[in-house]
Every structure is written in C-alpha cells, then in structure tokens.
Amino acid sequence: MNTPSLDLKSLVMLLCLAAVWGGSFFFAEIALREVPPMTITLHRVFWALPLLFILIRLRRLSLPRNPKIWLGYLGMGALNNAIPFSLIFWAQQQIDSGVASILNGTTAMFGAVVAGLFLKDEPLTRNKIAGAVIGLAGVAVIMGPDVIAGLNPGNLAQFAVILGAVSYAFASVWGKVMLAGQPPMMNAFGMICGTVLLMIPVVLLVDGVPSVRLSLPVWGALWGIAALSTVLAYVLYFAILVRAGAANLMLGTLLIPPFAIGLGALFLGEVIAPAAWIGFAIIAVGFAVTDGRIFSKLRKV
C-alpha cells in the first residue's frame, strides 16, 4: 500500500487551496462594510448550495435517505460552518483579516488534540500535547501581555477566532464518527444544506431580512466567498485528500495567513504588527511538533 505523498501537482493544488481559503478573510473584510457577520455566513453557504448541487448531479451521486446521515450533516453544518464562520466574521469587525487568519491557524493543533481525546484510532501523544502548548504560546504572543489585564473588544474578537478554531476541531471528529463511508462531495453538499437550514432562522431573528441593495464590490465579495472560498475550496480539499492524504492536507492551514495578510496589505492597507509574525512563527513550530514528520526525518539523518 502506497503512502500518500505531496508531489508537485498536490503542492500546487495545496497552494491554490490556501489562496482561496485565505481569500475568505479578505472577502469578509469587504462584505462587512455593508453586511452583518451572520448574514455574510448565510450568503456564503446559500450561494454555494446550488453550485455544489450541480457538482453532485454531474457526479451522479444520490441523496442519502438515512435520517441519521442528515442529522450528521446538520451537526457538521453547525460545527464546521455556522459557528466558526459567524465567530470569525464577527471578530473581523474588531481585528484585521491577517490576524484572524493567523489565529485560525491553530485549527490543526486543536484538531489533533480533540481527535486524541475522542477517537481511539488517533491517540493523544506527547507530540500533540507539546504542539498544542507551543501553539497556544504563539497565540499569547499575538494577543499581547495586556490580555490578562482586561477584556477589550479586540481581545474578545481574538478569543472568538480561537473558539471558531475549536469548533472546526470538533467538526472533524463529528464528521469522522457520523459521516464515515459517505462520498466526500455529498458530505460537502449535505453540510452546506445543514448550515443553510440553521442560519436562515438565526439571521432573520438577529439581522432581519437580508438586503439585496448592496454595492457591486460587496456583491463581488459575497460571490467570491461562496464560489471560490467555499465551492472551489471543497473541490480542491477533497482532491488533495485523495492524492496526498490528511496529514499533508493539514499543511494548508499554515499557508493561509500569508495569502490573507498579503491581500489585506495590498488592497485594504492593513499592517501586521511584528508580534503577530512572531506568534505565527511559534504556531508554525507548534504545528511541526504536532505533525512530527519533520523531527522524525531529522532523527534519521
């Protein structure tokens, strides 16, 4: 049995995935000028739904009939979309897209720890614990020493992104337990269905009926976050998963911040403080410790 490896084509696809994921922070920053955070979440999944439906029809996939699977999709929609998207978009009202993307980079480490706690086939190892501790140290550097002194909107926003990362981590466990054996693209479609069902009543209750009288740049951002950062991202995600495996796919988490920071600096005039870059470097080390492959190769040298 061949071990999945990161060949040149997979690496290019991974860079493309990081670019469209990083673009979601950029698109959200533009959309927030006229659209509330939760409504942006609804737009993201609502417009992605028909595009994903076309994809599953082209692949001739049949909709599942088991209610348990649809319950799995609903839970996945909450944990992997509705909760983290809303938290991150709300946070971006207070912090720059680059900082949000860096904090989102803790997802892989939280995922490894949560999986270690709840999944028997992914035990909690010393590497995972050490990597999580190092990653949290990176988060502490980004947030700064004043975080303990008192909570301000900026600190709360950063906590919101971290909570979003934790939600992503639990989503990976939920998906593995509840949706094992289902076609990946069908899982993506079902999850988006679940998210739409959850977000419609929430948005109507909190934000009211979404306005369609938006500027052209904002509509462009909403379509970008739906078509590129959601639909295209899922197509790339599952293709990389098959070609290169889950461990290599996790590397994409660390590639997102440079794209998000670059777009924010180029088009939005955002400037990332040195502490954020230092924190990002520490988080990257934490990821490397969690992953373990780099250090195992060094021991063999």
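# Questions about a predicted model

In this predicted model, helix α4 (residues 97-104) is largely enclosed by the rest of the structure, because eight of its eight residues are buried.

Reader: Which residues of α4 are buried?

Author: Happy to list them! Buried here means under 20% relative accessible area. In α4 the buried residues are Ser 97, Gly 98, Val 99, Ala 100, Ser 101, Ile 102, Leu 103 and Asn 104.

Reader: How many salt bridges does a search of the whole structure find, and which side chains meet in a salt bridge?

Author: Let's start with the idea behind it: side chains of opposite charge can pair when their charged atoms come close. Searching the whole structure gives one salt bridge. At 3.0 Å from N to O, the side chains that meet in a salt bridge are those of Lys 176 and Asp 121.

Reader: How many residues apart in sequence are the parts that this pair ties together?

Author: Look at where each partner sits. Lys 176 belongs to helix α7 (residues 153-178), while Asp 121 is in the loop between α5 and α6, so the pair ties together parts whose separation in sequence is 55 residues.

Reader: Is Asp 121 buried or exposed?

Author: A residue counts as exposed over 50% relative accessible area. Asp 121 has a relative accessible area of 56%, so it is exposed.

Reader: Which side chain of opposite charge is nearest to Glu 29, and how far away is it?

Author: Glu 29 is part of helix α1 (residues 8-31). It is buried yet has no salt bridge. A salt bridge would need a nitrogen-to-oxygen distance within 4 Å. The nearest side chain of opposite charge is Arg 33, at 7.6 Å.

Reader: What is Glu 29 in contact with, leaving aside its neighbours within four places in sequence?

Author: Helix α1 is the place to look for Glu 29. Once those neighbours are left aside, Glu 29 is in contact with Gln 92, Ile 95, Asp 96, Ser 97, Leu 268 and Glu 270.

Reader: How far from Arg 44 is the nearest side chain of opposite charge?

Author: You will find Arg 44 in helix α2. Leaving aside neighbours within four places in sequence, its contacts include Ser 24, Phe 85 and Ile 225. Arg 44 is buried and has no salt bridge, and the nearest side chain of opposite charge, Glu 29, is at a distance of 12 Å.

Reader: Where is Arg 60, and what is its phi near?

Author: Arg 60 sits in the loop between α2 (37-58) and α3 (67-91). With 76% relative accessibility, Arg 60 counts as exposed. Its phi is a positive value in a residue other than glycine, near 55°.

Reader: Which element gives the most to the lining of the largest cavity?

Author: The structure holds one cavity of 30 Å³ or more, and the volume of the largest cavity is about 40 Å³. Its lining is made of Thr 106, Met 109, Phe 110, Ala 132, Gly 135 and Leu 136. Two or more lining residues come from each of α5 (107-118) and α6 (126-143). With three residues, the element that gives the most is α6.

Reader: How many residues of that lining are nonpolar?

Author: Sorting the lining residues by kind gives the answer. There are no charged residues, two are polar, and the nonpolar ones number four.

Reader: Which residues does Ala 112 touch, not counting those up to four places away in sequence?

Author: Ala 112 is in helix α5. Its relative accessibility is 9%, so it counts as buried. Beyond those sequence neighbours, Ala 112 touches Leu 124, Lys 128 and Thr 290.

How values were computed:
Residues numbered from 1 in each chain as written. Predicted model: local features only at pLDDT ≥ 70, side-chain atom pairs only at ≥ 80, totals over all residues. Heavy atoms only, no water. 1 Å grid on protein atoms, 1.4 Å probe; cavity = no way out; pocket = protein on both sides within 12 Å on 5 of 7 lines; lining within 4 Å. Points joined across faces, edges and corners; volume = space filled by probe spheres on them. Helix = DSSP H or I, 4+ residues; strand = E, 2+ residues; numbered from the N terminus. Nonpolar A, V, L, I, M, F, W, Y, C, P; charged D, E, K, R; others polar. Buried < 20%, exposed > 50% of the residue type's maximum accessible area, 1.4 Å probe, protein only. Lys, Arg positive; Asp, Glu negative; His and termini not counted. Contact = heavy atoms within 4.5 Å.
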